[in-house]
Each structure stands twice: as C-alpha cells, then as structure tokens.
Amino acid sequence: MIFRVLGMKSAQHNQFMDMVRTVMKELGINAAIEEITELNKMLKYPIKNSPALMVDNKVVCEGVMPDIDEMKQLVKKAIGK
C-alpha cells in the first residue's frame, strides 16, 4: 500500500502531511508515504486540486483540509476498514 500526498510546499501542505502521518499512526497503518510536490509530477495523477491524498491509485481527498476525524473515516473507507 502506498499513500501519496500531493501539493505544492506550503504551511497548509505541511499540516496536511502531518495529519496523514497522524492518521496512519492512529489506525496502525504501516505503509510508504510518497510526497509529490512538483507540478509536472502532480499532473500525472487524476487530481484537480491540492492538497490531495491518494491511497494506491485511489483519490481519497482533494482540495480540502478535513479535520482529523474526517480524514480517519476517509482513510478507513479507502483501505476497507
């Protein structure tokens, strides 16, 4: 399983990345995190807005900053928990 966090480097992106790490830790998920911050690389993925989170090749969240509980629910749904 691969978690991809896509977005341009910013305070919001860093906060989003920290939230993803926290959610993974709290849910006991041991997976690789790939951080994609270069526009030309982000364009290869099916997202329209950032920040975005993909689990494997599925877009879980994009263009919003959910709260931690909402992010947990999105991740659980994406991994089938």
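Strands E3 (residues 52-55) and E4 (residues 58-62) run antiparallel and are joined by four bridges; strands count as paired if DSSP finds at least two bridges between them. Helices (H or I, at least four residues) and strands (E, at least two) are DSSP runs, numbered from the N terminus. The model is predicted, so local features need pLDDT of at least 70 and side-chain atom pairs count only at pLDDT 80 or more, while totals for chains, interfaces and linings use all residues. Residues are numbered from 1 along each chain as its sequence is written, and side-chain values use heavy atoms, with hydrogens and water left out.

Within the pair, Met 54 stands opposite Val 59 of E4. The hairpin of E3 and E4 has two residues between the strands. Asp 56 lies in this loop between E3 and E4 and has a positive phi of about 55° although it is not a glycine. Most residues other than glycine have a negative phi, and most peptide bonds are trans. A cis peptide bond, with omega about 0°, joins Ser 50 and Pro 51. Pro 51 is placed in the loop between helix H2 (39-42) and E3.

Two residues have these accessibility classes, where buried means under 20% relative accessible area, exposed over 50%, and partly exposed in between (1.4 Å probe, protein chains only).

| Residue | Relative accessibility | Class |
|---|---|---|
| Lys 72 | 19% | buried |
| Asp 56 | 36% | partly exposed |

Lys 72 is located in helix H3. Not counting residues up to four places away in sequence, Lys 72 touches Val 23, Glu 26 and Leu 27; contact means heavy atoms within 4.5 Å.

A nonpolar core is a set of buried Ala, Val, Leu, Ile, Met, Phe, Trp, Tyr and Cys residues joined through side-chain atoms within 4.5 Å. The largest such core has 17 residues, of which Phe 3, Phe 16, Val 20, Ile 29, Leu 53, Met 71 and Val 75 touch the most other members. Strand E1 (2-6), helix H1 (11-27), E3, E4 and helix H3 (68-79) each give two or more residues to this core. H1 supplies the largest share, seven residues.

Leaving aside neighbours within four places in sequence, Phe 16 is in contact with Val 5, Pro 51, Ala 52, Leu 53, Cys 61, Val 64, Met 65, Pro 66 and Met 71. A second, separate core has six residues, including Ile 36, Met 42, Ile 47 and Ala 52.
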